[in-house]
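Please keep the sequence and the structure in view while reading.

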Amino acid sequence: MITITDLYKRFNREDALRGVNLTVPEGQVTAFLGPNGAGKTTTIKCAMNLIYRDGGEVTVMGKDARELGKEQWQRIGYVSENRQLPGWMTVPKLMKFLRPMYGSHWDADFEKKMTKSFELPLKTTLSAMSRGQRMKAALLSALAYRPQLVVLDEPFSGLDPLVRDEFLTGLLELTDAEGWTVLISSHDIEEVERFADRVAIINAGRIDLQEDVETLRERFRSVELWFDEEPVLPLKGTLPETWLNPQVNGRTVVFSDTNYDEASSRAMLARFFPDSRRQEVRRMTLREIFVVLARSYRAQAV
Ligand SMILES: Nc1ncnc2c1ncn2[C@@H]1O[C@H](COP(=O)(O)OP(=O)(O)OP(=O)(O)O)[C@@H](O)[C@H]1O
């Protein structure tokens, strides 16, 4: 539903995006993750045609992002933390204002249901609402017309844990029922992990990986090895490149295997650490995988 090829974006002669290649497949939820300043918002803004791009191709719903028109916008729900809402309006006024723009796409029942479950005040103007309430109003205004493509840039900021949970559960039900395509950038990885089919990780303006969450979790393992005496790590560069952040902690060695395969990984452990008396290999959460990758990005940048 979104295809981005070799996307470049420069701000003040600094490259923010340096050849982004990203695919958001139809009917799937893609989590867009990356450290602060990696380029998530910039990529999304290029896809939503909110800023000019300096190079590359961006196709959204089969159209060049620069040519998105009313027909596409009626089917795209975009929410970002900084999206401006008319502060003088109340939620019912905002809904009344937006409804005609979406014609038959607008789902009044759905709008009512969401307004109720978000517990949005009906008489307060948007400018007098809390950040979380404004975020909920923004979500409401982007989802009430049941868009086919939902693009959420940090949608959870300002939402309390209960509302996040309700919002996610609602989104989950909807994506299951409607087959929506969702691109969601967030630092709340535990939340996103609950419903993401795919994950794309961006670092320093380039996509580092994009794959199914399950495939990613299948190939990452946290490895801990115990020794009778404090071990010495083999020289840098001699361990497999797929073992990230190897460290000695007292009498243990810990690292993350990014390409785990039961038989070959066990054989490599025996080869590099023949003295280890105990080995623990466990699956990692998406959050743990992200932290390990982010740490290695930081180490590479030094
Ligand atoms: N309007 C702008 N002017 C100058 N530089 C910008 C502008 N917008 C973004 N940048 C720079 O582009 C880079 C990517 O920023 P971007 O906001 O896309 O990152 P992000 O991954 O969304 O980060 P975060 O997780 O912190 O929101 C950063 O170095 C940022 O400073």
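Asn82 is exposed, because 9 other C-beta atoms lie within 10 Å of its own, and a residue counts as exposed at 12 or fewer. Asn82 belongs to the loop between β6 (76–80) and α3 (91–102). The model under discussion is predicted.

Along the chain, Asn82 and Glu154 are 72 residues apart, yet 9.5 Å separates their C-alpha atoms. Glu154 sits in the loop between β7 (149–153) and α6. Glu154 is partly exposed, with 19 other C-beta atoms within 10 Å; the label follows because a residue is called buried only at 20 or more.

A contrasting pair involves Lys113, which is placed in helix α4 (residues 108–117). Lys113 and Ala128 are 15 residues apart in sequence, while their C-alpha atoms are 23 Å apart in space. Lys113 is partly exposed, with 13 other C-beta atoms within 10 Å.

## Overall form and confidence

How many helices and strands does the chain have? The chain has 10 helices and 14 strands. Along the principal axes, its C-alpha atoms fill a box of roughly 70 × 40 × 35 Å. Of the 302 residues in the chain, 30% are buried. Among contacts with a separation of 6 or more, 70% are between residues 24 or more positions apart. The domain assignment gives domain 1 (2–213) and domain 2 (221–283), and the centres of domain 1 and domain 2, taken over C-alpha atoms, are separated by 40 Å.

The average pLDDT of the chain is 91, and 98% of the residues score at least 70. Which elements have the lowest and the highest mean pLDDT? Helix α6 (residues 161–178) has the lowest, 74, and strand β1 (residues 2–11) the highest, 98. For the complex, the predictor gives an ipTM of 0.98 and a pTM of 0.91.

## A sheet of four strands

An open sheet is formed by 4 strands in the order β2-β1-β4-β5, with antiparallel pairing.

Strands β1 and β2 pair in the antiparallel sense over 8 bridges, and Ile4 stands opposite Leu22 in β2. Strand β1 also pairs with strand β4 (residues 55–60), again in the antiparallel sense, over 5 bridges; here Ile2 stands opposite Val60 in β4. Strands β4 and β5 run antiparallel and are joined by 2 bridges, and the bridge partner of Thr59 is Asp64 in β5. Strands β4 and β5 form a hairpin with 2 residues between them, and Met61 in the turn has a positive phi of about 50°.

## Backbone angles

Most residues other than glycine have a negative phi.

Where is Asn245 found? Asn245 is in strand β12 (residues 243–249), whereas Glu154 lies in a loop. Asn245 is partly exposed, with 13 other C-beta atoms within 10 Å.

## The surroundings of the ligand

Which residues are around the ligand? They are Phe11, Asn12, Ala16, Gly34, Asn36, Gly37, Ala38, Gly39, Lys40, Thr41 and Thr42. The largest share of this shell, 3 residues, comes from helix α1 (residues 40–47).

By type, the residues of the shell divide into 3 nonpolar, 7 polar and 1 charged.

Technical notes:
Residues are numbered from 1 along each chain as its sequence is written. This is a predicted model: local features need pLDDT of at least 70, side-chain atom pairs count only at pLDDT 80 or more; totals for chains, interfaces and linings use all residues. A residue is near a molecule or strand if its C-beta atom, placed from the backbone, lies within 6 Å of it. Ala, Val, Leu, Ile, Met, Phe, Trp, Tyr, Cys and Pro count as nonpolar, Asp, Glu, Lys and Arg as charged, and the others, Gly among them, as polar. Domain bounds come from an automatic or database domain assignment. pLDDT is the predictor's confidence in each residue, from 0 to 100. Two residues are in contact if their C-beta atoms, placed from the backbone, lie within 7 Å. Two strands pair if DSSP finds at least two bridges between them.
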